[in-house]
Amino acid sequence: MDSGVIVTSMGIGAAIFAGLIVFWFFHTFIKRKLGAEHSVQMPGSTGFNGNEMRRHPRLKISWPAAIEIGHASIKVRLKDISLGGAFVICRESIPLNEKFRLYIEVPDDETFALNAEVVWSNMNVPEEKVIHRGMGIKFVQNTNAARKRLEKAIARLSRETEIAAV
């Protein structure tokens, strides 16, 4: 092989490598510099001080529900709920960003439906590190009537929780 080709190939490789290093450096630098002002916190996460960062506080529940995706229906249980979303205990793996219909069975009340979307899942976390296998969902593109129905169920639950605490 011609030594000129080898030298040229090594030069191109070194230039690509150097370009990647420079890109990584600037990407990391910009991310750190702007990260504090422009970071996006996942709904439901807590800040470094342990304070709740969710827009809507979650209430602990244990309500049966069903997820309807296409023609399939999966029985699940809701562990907590808010006006913005819920944690769904579910053994089935549902892809991130998947949209579905959730039928919530509120105790001593009528079942109602909401549109929801998977925002995170712990399906890939090792079994020994998970208390409840499931996913976080957010409620999306619901009618005013459906949102009012959710507000009513949460308000009732909140009143019952306050009464039980007294």
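Predicted model: local features only at pLDDT ≥ 70, side-chain atom pairs only at ≥ 80, totals over all residues.
I started with Asn 142, where a polar atom of the side chain lies 2.5 Å from the backbone nitrogen of Asn 115. I count a polar contact as a pair of N or O atoms within 3.5 Å; within protein, one must be able to donate a hydrogen and the other to accept it, and residues adjacent in sequence count only if both atoms are side-chain atoms.

Residues are numbered from 1 along each chain as its sequence is written, and side-chain values use heavy atoms, with hydrogens and water left out.

Next I asked myself: is Asn 142 buried or exposed? Asn 142 is buried, because its relative accessible area is 10% (buried is under 20%, exposed over 50%, partly exposed in between, with a 1.4 Å probe and protein chains only). I found Asn 142 in the loop between β6 and α2 (144-165). Helices (H or I, at least four residues) and strands (E, at least two) are DSSP runs, numbered from the N terminus. Leaving out residues up to four places away in sequence, Asn 142 touches Leu 114, Asn 115 and Arg 147 (contact means heavy atoms within 4.5 Å).

Then I followed β6 (residues 134-139) to its partner, β3, which pairs with β6 in the antiparallel sense over five bridges. Two strands pair if DSSP finds at least two bridges between them. Phe 87 has Gly 136 in β6 as its bridge partner. I also saw that four of the five residues of β3 are buried.

From β3 (residues 85-89) I stepped back to β2, and the two run antiparallel with four bridges. Here Ile 81 is bridged to Ala 86 in β3, and a hairpin of three residues joins the strands.

My last stop was β1 (residues 59-69), which is antiparallel to β2 (residues 72-81) and joined to it by nine bridges. Trp 63 has Leu 78 as its partner in β2. Two residues separate β1 and β2 in their hairpin, and Gly 70 in the turn has a positive phi of about 60 degrees.
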